[in-house]
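Good morning, colleagues. Please have the sequence and the model in view.

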Amino acid sequence: REYCEKFVTRIIDLIDQTDPDLVYFDDTVLPIYPGTDMGLRIAAYYYNTNLAKRGKLEAVMTGKGLNPQQHQCLVLDVERGVTGGIEALPWQTDTCIGGWHYDHRLLDEHKYKTAESVALMLVDIISKNGCLQLNIPLPGHGVPDSDERKFLAEFTQWMDTNSPGIYATRPWKVYGEGPGMAGAPAGQFGGVRDVRPYTAQDVRFVQKDGVLYAFMMGWPDDGKLTLTSLADGGGEMPNAKVERVELLGMSEPVKFTRDATALTLTLPEKKVGDFAYCFKIQGNGLTS
């Protein structure tokens, strides 16, 4: 009991001092649950304090292994994994480009996750109503090492181009299409694996402000992208009209054709970036 009370007191003190946007517990549901009520007491204090300060509840507290009722109260966290499909409620992946704590061997052997693998992972996550919490482990002096700085530079460059299809977007009717949707390997702590191979036929969808965004996970050799989900008179939005398609980072619109089988995009001869290419698709009735 003494340990539990000290734990509660320390977390409440942390909340009072820092007013955090997010409180992350590396626990199933809540700390020492269901054997104690300490996690429930912390959650009640955190939510009520946040509500009193802001006038509306903006606090985020995560938990793992949640049942549907618990997911109404906490944000589901899937460590080093992603959900298998779209979740009605927001959820989170927490992962790292290396280990959770700094390991110099990963620098020596150049084994951090690449910017490409994290970008593809992020796109898959947001298409399923998730968010990504990414850890960059720091050495003792607190400065990212050379490979980490390289990762951050490459990922930032990708985000500079593709952020309109990332920030404030929501899932579409389906999260994607392509062979990568079937047979995904199981994740280490639930869900499916966060980093896995994709093909040029794999696509992930999101929507925002009446615009549909389609992320192409690879670059097809034939220069064509076929989206069966946007077939004319069929697919997910049979009555929708496609008026304009843009590839983010490119000024000229993308040429396309549309028939009863698919929307087919003719890609530019030169790539824009090196991975996870985002198309902005505009028209009427494309989003829900």
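Let us begin with helix 5, residues 115–126, and helix 6, residues 146–162, whose axes come within 9 Å and cross at roughly 45 degrees in this predicted model. The handedness of the crossing is right-handed.

Which residues form the contact? On the helix 5 side they are A115, V118, A119, L122 and V123, and they meet F151, E154, F155, W158 and M159 of helix 6. By class, nine of the contact residues are nonpolar, none is polar and one is charged.

Leaving aside residues up to four places away in sequence, F155 touches A115, V118, A119 and L122.

In soluble globular proteins, nonpolar side chains tend to be buried together. Here, the largest nonpolar core has 50 residues, and M61, F155, W158 and I166 are those with the most contacts inside it. At least two residues of this core are supplied by each of helix 1 (2–18), strand 1 (22–28), helix 2 (38–54), strand 3 (75–79), helix 4 (104–108), helix 5, helix 6 and strand 10 (211–216). Which element provides the largest share of this core? That is helix 5, with nine residues.

Finally, there is a second, separate core of 24 residues, with F205, L212, L230 and L286 among them.

Methods:
Residues numbered from 1 in each chain as written. Predicted model: local features only at pLDDT ≥ 70, side-chain atom pairs only at ≥ 80, totals over all residues. Heavy atoms only, no water. Axes fitted to C-alpha atoms, helices over the stretch in contact; angles between N-to-C directions. Helix = DSSP H or I, 4+ residues; strand = E, 2+ residues; numbered from the N terminus. Left-handed = near helix turned anticlockwise from the far one by under 90°. Contact = heavy atoms within 4.5 Å. Nonpolar A, V, L, I, M, F, W, Y, C, P; charged D, E, K, R; others polar. Core = buried A, V, L, I, M, F, W, Y, C linked by side-chain atoms within 4.5 Å. Buried < 20%, exposed > 50% of the residue type's maximum accessible area, 1.4 Å probe, protein only.
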